[in-house]
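Hi,

Here is the structure I said I would pass on. Have a look at it first, and then read my notes below.

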Amino acid sequence: LEKAHRATSLNNLVEAESLFRQVLRSYPQDYRNSLVLGNLGRVQEMMGKDMEAMDSYTSALKLSPQSVPLLEARAALYLRLGNLSKAVADYTTIIDREPVNLQALSYRAYAHLKQRNYVEAKQDYDRALKIDPRNYAAQLGMVSLCREEGRKSEALTRLDLLVGQYPDKAEIYSLRAELHKADEHLELALIDLDKAVALEQDNTDFVLARAYLHMKLGNKFYARMDFE
(Lines give C-alpha, C1' and ligand atoms only; values in the text may rest on other atoms or scores of the structure.)
Protein backbone atom coordinates (compact mmCIF):
# COMPACT_ATOMS: atom_id res chain seq x y z
CA LEU A 1 0.00 0.00 0.00
CA GLU A 2 2.79 2.42 0.81
CA LYS A 3 4.42 1.73 -2.56
CA ALA A 4 1.06 2.21 -4.34
CA HIS A 5 0.39 5.54 -2.63
CA ARG A 6 3.93 6.70 -3.35
CA ALA A 7 3.56 5.75 -7.02
CA THR A 8 0.27 7.66 -7.17
CA SER A 9 1.83 10.78 -5.64
CA LEU A 10 4.63 10.58 -8.23
CA ASN A 11 2.05 10.14 -11.03
CA ASN A 12 3.38 6.66 -11.85
CA LEU A 13 -0.16 5.52 -12.51
CA VAL A 14 0.52 2.22 -14.27
CA GLU A 15 2.70 1.12 -11.36
CA ALA A 16 0.14 2.35 -8.82
CA GLU A 17 -2.69 0.44 -10.52
CA SER A 18 -0.58 -2.72 -10.57
CA LEU A 19 0.32 -2.38 -6.90
CA PHE A 20 -3.26 -1.77 -5.76
CA ARG A 21 -4.34 -4.87 -7.71
CA GLN A 22 -1.51 -6.83 -6.09
CA VAL A 23 -2.80 -5.84 -2.64
CA LEU A 24 -6.29 -7.06 -3.52
CA ARG A 25 -4.96 -10.40 -4.82
CA SER A 26 -2.68 -10.92 -1.84
CA TYR A 27 -5.20 -9.94 0.87
CA PRO A 28 -8.67 -10.64 -0.57
CA GLN A 29 -10.39 -10.63 2.84
CA ASP A 30 -8.71 -7.56 4.34
CA TYR A 31 -11.15 -5.14 5.98
CA ARG A 32 -9.47 -2.19 4.24
CA ASN A 33 -10.18 -3.42 0.71
CA SER A 34 -12.98 -0.92 0.16
CA LEU A 35 -10.36 1.83 0.59
CA VAL A 36 -7.95 -0.01 -1.71
CA LEU A 37 -10.66 -0.32 -4.37
CA GLY A 38 -11.52 3.35 -3.97
CA ASN A 39 -7.90 4.34 -4.51
CA LEU A 40 -7.69 1.98 -7.46
CA GLY A 41 -10.75 3.65 -8.97
CA ARG A 42 -9.22 7.10 -8.51
CA VAL A 43 -6.01 6.00 -10.26
CA GLN A 44 -8.01 4.45 -13.10
CA GLU A 45 -9.95 7.68 -13.56
CA MET A 46 -6.67 9.58 -13.77
CA MET A 47 -5.59 7.09 -16.46
CA GLY A 48 -8.80 7.62 -18.45
CA LYS A 49 -10.11 4.12 -17.66
CA ASP A 50 -13.57 5.33 -16.72
CA MET A 51 -15.43 2.01 -16.99
CA GLU A 52 -12.81 0.18 -14.94
CA ALA A 53 -12.93 2.97 -12.38
CA MET A 54 -16.70 2.61 -12.18
CA ASP A 55 -16.34 -1.12 -11.53
CA SER A 56 -13.78 -0.43 -8.79
CA TYR A 57 -16.02 2.12 -7.06
CA THR A 58 -19.01 -0.21 -7.29
CA SER A 59 -17.00 -3.11 -5.84
CA ALA A 60 -15.79 -0.83 -3.04
CA LEU A 61 -19.37 0.20 -2.25
CA LYS A 62 -20.43 -3.43 -1.99
CA LEU A 63 -18.00 -3.67 0.93
CA SER A 64 -18.83 -0.23 2.38
CA PRO A 65 -22.28 0.72 1.02
CA GLN A 66 -22.66 3.81 3.21
CA SER A 67 -19.22 5.34 2.56
CA VAL A 68 -19.77 8.98 1.62
CA PRO A 69 -16.32 9.46 -0.04
CA LEU A 70 -16.90 6.39 -2.24
CA LEU A 71 -20.42 7.52 -3.11
CA GLU A 72 -19.11 10.98 -3.96
CA ALA A 73 -16.43 9.51 -6.23
CA ARG A 74 -18.89 7.29 -8.10
CA ALA A 75 -21.54 10.01 -8.33
CA ALA A 76 -19.00 12.46 -9.78
CA LEU A 77 -17.99 9.88 -12.37
CA TYR A 78 -21.63 9.16 -13.26
CA LEU A 79 -22.16 12.90 -13.62
CA ARG A 80 -19.12 13.35 -15.84
CA LEU A 81 -20.19 10.44 -18.05
CA GLY A 82 -23.72 11.83 -18.40
CA ASN A 83 -25.48 9.08 -16.44
CA LEU A 84 -27.60 11.62 -14.62
CA SER A 85 -30.20 9.34 -13.04
CA LYS A 86 -27.54 7.20 -11.34
CA ALA A 87 -25.67 10.32 -10.23
CA VAL A 88 -28.91 11.59 -8.63
CA ALA A 89 -29.37 8.23 -6.87
CA ASP A 90 -25.88 8.33 -5.35
CA TYR A 91 -26.17 11.98 -4.33
CA THR A 92 -29.54 11.22 -2.74
CA THR A 93 -27.94 8.48 -0.63
CA ILE A 94 -25.25 10.95 0.45
CA ILE A 95 -27.80 13.64 1.34
CA ASP A 96 -29.87 11.12 3.33
CA ARG A 97 -26.75 10.49 5.43
CA GLU A 98 -25.48 14.08 5.45
CA PRO A 99 -28.43 16.49 4.96
CA VAL A 100 -26.15 19.56 4.98
CA ASN A 101 -23.66 18.26 2.40
CA LEU A 102 -23.53 21.36 0.19
CA GLN A 103 -21.49 19.74 -2.57
CA ALA A 104 -23.92 16.84 -2.91
CA LEU A 105 -26.92 19.20 -2.93
CA SER A 106 -25.35 21.40 -5.61
CA TYR A 107 -24.36 18.48 -7.81
CA ARG A 108 -27.76 16.80 -7.46
CA ALA A 109 -29.39 20.10 -8.38
CA TYR A 110 -27.12 20.33 -11.43
CA ALA A 111 -28.08 16.79 -12.49
CA HIS A 112 -31.77 17.66 -12.08
CA LEU A 113 -31.20 20.83 -14.13
CA LYS A 114 -29.62 18.83 -16.96
CA GLN A 115 -32.60 16.48 -16.89
CA ARG A 116 -34.92 19.52 -17.01
CA ASN A 117 -36.37 18.61 -13.63
CA TYR A 118 -36.56 22.28 -12.76
CA VAL A 119 -38.72 21.96 -9.65
CA GLU A 120 -36.33 19.45 -8.07
CA ALA A 121 -33.32 21.54 -9.10
CA LYS A 122 -34.78 24.65 -7.46
CA GLN A 123 -35.56 22.72 -4.28
CA ASP A 124 -31.95 21.57 -3.99
CA TYR A 125 -30.48 24.99 -4.79
CA ASP A 126 -32.85 26.64 -2.29
CA ARG A 127 -31.87 24.08 0.32
CA ALA A 128 -28.16 24.69 -0.30
CA LEU A 129 -28.60 28.46 -0.12
CA LYS A 130 -30.56 28.16 3.12
CA ILE A 131 -27.51 26.41 4.61
CA ASP A 132 -25.04 28.87 3.07
CA PRO A 133 -26.57 31.95 1.39
CA ARG A 134 -23.20 32.87 -0.17
CA ASN A 135 -22.47 29.42 -1.60
CA TYR A 136 -20.93 30.10 -5.01
CA ALA A 137 -21.94 26.88 -6.79
CA ALA A 138 -25.56 27.10 -5.64
CA GLN A 139 -25.88 30.77 -6.60
CA LEU A 140 -24.39 30.10 -10.03
CA GLY A 141 -26.74 27.14 -10.40
CA MET A 142 -29.73 29.36 -9.69
CA VAL A 143 -28.54 31.68 -12.47
CA SER A 144 -28.50 28.72 -14.87
CA LEU A 145 -31.95 27.66 -13.70
CA CYS A 146 -33.32 31.16 -14.29
CA ARG A 147 -31.84 31.16 -17.80
CA GLU A 148 -33.32 27.77 -18.62
CA GLU A 149 -36.76 28.91 -17.48
CA GLY A 150 -36.51 32.19 -19.43
CA ARG A 151 -36.25 34.45 -16.38
CA LYS A 152 -33.45 36.64 -17.74
CA SER A 153 -34.14 39.59 -15.45
CA GLU A 154 -33.80 37.45 -12.33
CA ALA A 155 -30.67 35.81 -13.76
CA LEU A 156 -29.09 39.25 -14.27
CA THR A 157 -30.03 40.34 -10.76
CA ARG A 158 -28.43 37.23 -9.31
CA LEU A 159 -25.29 37.79 -11.40
CA ASP A 160 -25.08 41.38 -10.18
CA LEU A 161 -25.14 40.08 -6.61
CA LEU A 162 -22.45 37.52 -7.44
CA VAL A 163 -20.21 40.20 -8.93
CA GLY A 164 -20.45 42.07 -5.65
CA GLN A 165 -19.57 38.97 -3.64
CA TYR A 166 -16.94 37.50 -5.97
CA PRO A 167 -15.47 40.40 -8.00
CA ASP A 168 -12.49 38.31 -9.12
CA LYS A 169 -14.47 35.43 -10.69
CA ALA A 170 -14.11 35.82 -14.46
CA GLU A 171 -16.87 33.35 -15.33
CA ILE A 172 -19.48 35.58 -13.67
CA TYR A 173 -18.63 38.45 -16.03
CA SER A 174 -18.64 36.05 -18.99
CA LEU A 175 -22.10 34.75 -18.09
CA ARG A 176 -23.45 38.26 -17.61
CA ALA A 177 -21.97 39.25 -20.98
CA GLU A 178 -23.91 36.39 -22.61
CA LEU A 179 -27.16 37.66 -21.15
CA HIS A 180 -26.43 41.25 -22.20
CA LYS A 181 -25.57 40.03 -25.70
CA ALA A 182 -28.83 38.05 -25.92
CA ASP A 183 -30.71 41.27 -25.09
CA GLU A 184 -28.65 43.19 -27.72
CA HIS A 185 -26.96 45.26 -25.02
CA LEU A 186 -23.64 44.82 -26.80
CA GLU A 187 -21.70 47.63 -25.12
CA LEU A 188 -22.56 46.23 -21.69
CA ALA A 189 -21.54 42.78 -22.87
CA LEU A 190 -18.20 44.18 -24.05
CA ILE A 191 -17.53 45.78 -20.67
CA ASP A 192 -18.07 42.43 -18.95
CA LEU A 193 -15.93 40.54 -21.45
CA ASP A 194 -13.13 43.08 -21.00
CA LYS A 195 -13.25 42.35 -17.28
CA ALA A 196 -13.32 38.58 -17.83
CA VAL A 197 -10.28 38.73 -20.12
CA ALA A 198 -8.43 40.99 -17.70
CA LEU A 199 -8.96 38.42 -14.94
CA GLU A 200 -8.07 35.39 -17.10
CA GLN A 201 -5.87 36.60 -19.94
CA ASP A 202 -5.06 33.06 -21.12
CA ASN A 203 -8.70 31.97 -21.41
CA THR A 204 -9.17 31.46 -25.15
CA ASP A 205 -12.96 31.21 -24.87
CA PHE A 206 -13.23 34.67 -23.34
CA VAL A 207 -10.88 36.23 -25.90
CA LEU A 208 -12.75 34.63 -28.82
CA ALA A 209 -16.12 35.72 -27.43
CA ARG A 210 -14.81 39.28 -27.25
CA ALA A 211 -13.39 39.05 -30.78
CA TYR A 212 -16.76 38.05 -32.23
CA LEU A 213 -18.48 40.76 -30.21
CA HIS A 214 -16.04 43.34 -31.63
CA MET A 215 -16.92 42.04 -35.11
CA LYS A 216 -20.61 42.51 -34.39
CA LEU A 217 -19.93 46.05 -33.17
CA GLY A 218 -17.84 46.81 -36.25
CA ASN A 219 -14.59 47.13 -34.28
CA LYS A 220 -12.50 45.23 -36.83
CA PHE A 221 -9.16 46.45 -35.51
CA TYR A 222 -9.84 45.19 -31.98
CA ALA A 223 -11.41 41.98 -33.31
CA ARG A 224 -8.22 41.29 -35.27
CA MET A 225 -6.12 41.87 -32.17
CA ASP A 226 -8.19 39.34 -30.23
CA PHE A 227 -8.08 36.75 -33.03
CA GLU A 228 -4.31 37.14 -33.23
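Predicted model: local features only at pLDDT ≥ 70, side-chain atom pairs only at ≥ 80, totals over all residues.

Residues are numbered from 1 along each chain as its sequence is written, and side-chain values use heavy atoms, with hydrogens and water left out.

**Helix 10**

Lys152 counts as partly exposed because its relative accessibility is 36% (buried is under 20% relative accessible area, exposed is over 50%, and partly exposed is in between, with a 1.4 Å probe and protein chains only). Not counting residues up to four places away in sequence, Lys152 touches Leu179, Ala182 and Asp183, where contact means heavy atoms within 4.5 Å. Leu37 is another matter: 115 residues separate it from Lys152 in sequence, and the C-alpha atoms are 45 Å apart in space.

Thr157 lies in helix 10 too, and at 44% relative accessibility it counts as partly exposed.

**The largest pocket**

The largest pocket holds about 390 Å³ of space. On a 1 Å grid over the protein atoms alone, a pocket is an open set of points with protein on both sides within 12 Å along at least five of seven lines, whereas a cavity is a set where a 1.4 Å probe fits but cannot get out; lining residues have an atom within 4 Å of a point. Grid points are joined across faces, edges and corners, and the volume is the space filled by probe spheres set on them.

There are 18 lining residues, and Tyr110, Leu113, Tyr125, Gly141 and Ser144 are the closest to the centre of the pocket. Helix 7 (102-114) and helix 9 (136-148) each supply at least two residues of the lining, with helix 7 giving the most, 7 residues. By class, the lining has 9 nonpolar, 5 polar and 4 charged residues (nonpolar is Ala, Val, Leu, Ile, Met, Phe, Trp, Tyr, Cys and Pro; charged is Asp, Glu, Lys and Arg; polar is the others, Gly among them).

In helix 8 (residues 118-131), Tyr118, Ala121, Asp124, Tyr125, Ala128 and Leu129 are buried. They cover an arc of only 130° around the axis, so they sit on the same side of helix 8; the arc is that of the directions from the helix axis to the C-beta atoms. These buried residues pack against helix 7 and helix 9, while Val119 and Lys130 are exposed on the other side of helix 8.

What about helix 12 (residues 186-199): which of its residues are buried? They are Leu186, Ala189, Leu190, Asp192, Leu193, Ala196 and Val197. Down the axis of helix 12 they fall within an arc of 165°, so they line one face of the helix. Helix 11 (170-182) and helix 13 (204-217) are included in what covers them, and Glu187 and Ile191 are exposed on the other side of helix 12. The 14 residues of helix 12 should span 20 Å at 1.5 Å a residue, which agrees with the 20 Å between its end C-alpha atoms; the expected span is 1.5 Å times one less than the number of residues.

**Two loop residues**

Most residues other than glycine have a negative phi. Asn11 has a positive one, near 65°. Asn11 is in the loop between helix 1 (2-9) and helix 2 (13-26), and it is exposed, with a relative accessible area of 52%. Glu184 also has a positive phi near 65°; Glu184 is in the loop between helix 11 and helix 12 and counts as exposed at 52% relative accessibility.

**Two buried side chains to look up**

Arg74, in helix 5 (residues 68-81), counts as buried at 14% relative accessibility. Beyond its neighbours within four places in sequence, Arg74 is in contact with Met54, Tyr57, Thr58, Leu61 and Asp90.

Leu175 is in helix 11 and counts as buried at 17% relative accessibility. With neighbours within four places left aside, Leu175 is in contact with Leu140, Arg147 and Leu159.

Cheers

Key. Helix = DSSP H or I, 4+ residues; strand = E, 2+ residues; numbered from the N terminus.
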